[in-house]
Amino acid sequence: MTVRTAELLMAIMMGAFSIYLMYKSTELEIGWIEDEGPGGGAWPFWLSAVMLISCLGILYNWFRRKGPIATSTRLYIEPHVLMDVTAVTVALVVTVGLFSFIGIYGALPLFLIFYLRFLGKHSWRLTTTLAISIPVVIFFFFEITLKIILPKGITEPLFLPLYKIFF
Amino acid sequence: MLEILGLLGNGFLVVFEPQNMMLIIAGCALGLFIGAMPGLGSVNGVAILLPLTFLVPPTGAIIFLAAIYYGAMYGGAISSIMLGIPGASTAVATTFDGRPLAKQGLADKALTAAAVASFVGGTISVVLFTFFAPPLAHVALVFGAPEEFALMMLAFATFVGLGSDDLFKTLFSISIGLVLSAVGFDIISGEPRLVLWDITGFLHGVNFLILAIGVYGIGEMIWTVEEHSLGGGKSMLSDANVTVKRTLSNLRELASKWKSIVMGSFLGYFVGILPAAGATPGSLMAYGIAKQISSEPEKFGKGAVEGVCAPEAANNAASTGSMLPMLTLGIPGSPTTAILLGGMVIWGLEPGPRLFIDHSDFVWGLIASLYAANIFAVLINVAFIPVFIKILKTPFTILAPIIFILCLIGGYAPTQSMHDVWLMVVFGIVAYLMRKLDYPLAPAVLAIVLGPLAEPALRQSLIISDGSFAIFFNRTYAGPISVVAILLLFLPLFKKIYDKFRKRQVV
């Protein structure tokens, strides 16, 4: 896919999103309410309209082939970049997905092992050291010091004794 | 005058509390580190680390974040000089002459010049700040809803009029930020509003931090992954030969470059005040002017010390300058200050001129901390140059997962909802895809912070005027501000007409 094609797709997608936002805004009054001023939907409605107009402007420039992006025939994402970026993004999404099941202390070591060992090609020694020490630091910093309880999923019971010690 | 000095004295008392002192030192060191890492700048550091500050009171929190902001301005120079890769966009101009100096084996000279110029730039701008801020806040005290709204429109109009990005993409970025800030509840009627796809998670709105960490944390990191993938992850690290004797002779040589340093400081400060401009254009402009006023302009680009001094003085001065409108008017002067402003709202402070009266400790503590941060940053910078160079050798594949994890937890911490973490990842990916198409993203972050303040200001104004927009034009302060905002908004159009007119004359 060339940059020019990507520009078109992005403008169409964002234009569709603006229309959805405009439609969604009309759930509230978008006109003037007597003695109350503008209705709650007016502000997002007109701003979404500006979004839509901007997208139309981008499309207009696309059809006239104006500007460096609209005329670019370069690849939008190079194949080997796409590999790396996809690997990282998928790893992120899977990690966040795992938060709710095996908890943050199950997901983070897996993420670290994947990133350090398979993307970074670091030694197993470094990988395991970081995969264990970083979650431990996070536990003490966030849960003990800041008192922010992070998601644990099914590992929750394992932490009950720890809570008893620290709280 | 005396009153200001008295208040500043009180500020120093706040700064000298041991906890705050520690926060400044930690913030400077972290900021230097973040700034020195290619790809990460002050805005990324502040966005990713803001959730950590819930531990300390607001004054401590802002002091810590301001120190990071400051440290990052110093740190950016380190990788610009040693790697030839700007540590942050604000340090782009520093590579022009810093890199050639490093290649000639004079890296220590460039690093010293950057540190000293940053220090002078920081000091001059903080002094200017101290004496400019209170009068400006005083004037702003009479501002009502119409003035506030006009000011925010002015901030957005500068992006359109002075920004170098595509007009439609800038407009899009501003309005999507404002619309996202409207998600949740209608502030006046209390009805649920824009609950997208009826997902209940949107009922508590889109937190500005989620967008900020999405764009500046996740999006930025994916962007850096791409750059590493393209560049093969290889870069040449120069060696720096730092000895006391060499440093002294470097300092002596610097004394003769005072003109470019002072020029950069003043220029950076005033450019920094403008919302759309900030540190990056400020430092580029300073570089250009330094070249023009130099007695040896032909040396620029080949290793002129002034070419390092001027932009470095300017980017530090600009970071202070951008805090002026944030503190006095409640309008951020840069993406970083937009995030600081959002933080202030989370900490329960209402931004705007009343801060100077209601939270004098907070304001003056922050101002005094800038003086202190400046001194610490230059000391840490000079003392630990060899350490920072070592850190630059840390492979990206070790730092990247750690930063990703900080982002994920930072997105979860403020609201403790998985919905927000998912939203942040989506923002990150979309931000990366949009950035590849040259969509400017800073306006969106500014907009999501200002949105919750702009909407009530607009609605109140319209209620006062019974629906007439004339209220933004017929008041003493709101009038001129609105007129300037509209002129800026149409500036790109004027430029186009002017260009066409000139072309016709040439033909």
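How many helices and strands does the secondary structure of chain B come to? The count is 22 helices and 2 strands, with helices (H or I, at least four residues) and strands (E, at least two) taken as DSSP runs numbered from the N terminus.

## Basis of the model

This is a predicted model, in which local features need pLDDT of at least 70, side-chain atom pairs count only at pLDDT 80 or more, and totals for chains, interfaces and linings use all residues. Residues are numbered from 1 along each chain as its sequence is written, while chains are lettered from A and ligands numbered from 1 in the order in which they are written.

## Chain B overall

The radius of gyration of chain B is 22 Å, close to the 23 Å that the globule rule gives for 507 residues, so chain B is as compact as a globular protein of that length. The radius is taken over C-alpha atoms, and the rule is 2.2 Å times the number of residues to the power 0.38. The C-alpha trace of chain B spans about 70 × 60 × 55 Å along its principal axes.

Of the 507 residues in chain B, 59% are buried. A residue is buried if 20 or more other C-beta atoms lie within 10 Å of its own, exposed if 12 or fewer, and partly exposed in between, with C-beta atoms placed from the backbone. Two residues are in contact if these C-beta atoms lie within 7 Å. Among contacts in chain B with a separation of 6 or more, 79% join residues 24 or more positions apart.

## Chain A overall

Chain A has 7 helices and 2 strands, in the order α-β-β-α-α-α-α-α-α from the N terminus. Its radius of gyration is 24 Å, whereas a compact globule of 167 residues would have one near 15 Å. The C-alpha trace of chain A spans about 60 × 55 × 25 Å along its principal axes, and 30% of its 167 residues count as buried.

Chain A is divided into domain 1 (3-71) and domain 2 (79-166), with bounds from an automatic or database domain assignment. The C-alpha centres of these two domains lie 39 Å apart.

## Contact between the chains

Chain A gives 52 residues to the contact and chain B gives 53. On the side of chain A, the elements with two or more residues include α1 (3-25), α2 (42-63) and α4 (79-102). The most, 11 residues, come from α4(A).

By class, this side of chain A has 36 nonpolar, 13 polar and 3 charged residues. Ala, Val, Leu, Ile, Met, Phe, Trp, Tyr, Cys and Pro count as nonpolar, Asp, Glu, Lys and Arg as charged, and the others, Gly among them, as polar.

## Nonpolar core

A nonpolar core is a set of buried Ala, Val, Leu, Ile, Met, Phe, Trp, Tyr and Cys residues joined through C-beta atoms within 7 Å. The largest has 215 residues, of which Leu211(B) and Val445(B) touch the most other members. Its largest share, 17 residues, comes from helix α4 (residues 58-82) of chain B. Domain 1 (3-71) and domain 2 (79-166) of chain A each supply at least three residues to this core.

Not counting residues up to four places away in sequence, Leu211(B) touches Leu180(B), Val206(B), Phe427(B), Ala444(B), Val445(B) and Ile448(B).

## Met263(B)

Met263(B) is in helix α11 (residues 258-273) of chain B. Met263(B) is partly exposed because 19 other C-beta atoms lie within 10 Å. Leaving aside neighbours within four places in sequence, Met263(B) is in contact with Ala286(B), Ile289(B), Ala290(B), Ile293(B) and Ala310(B).
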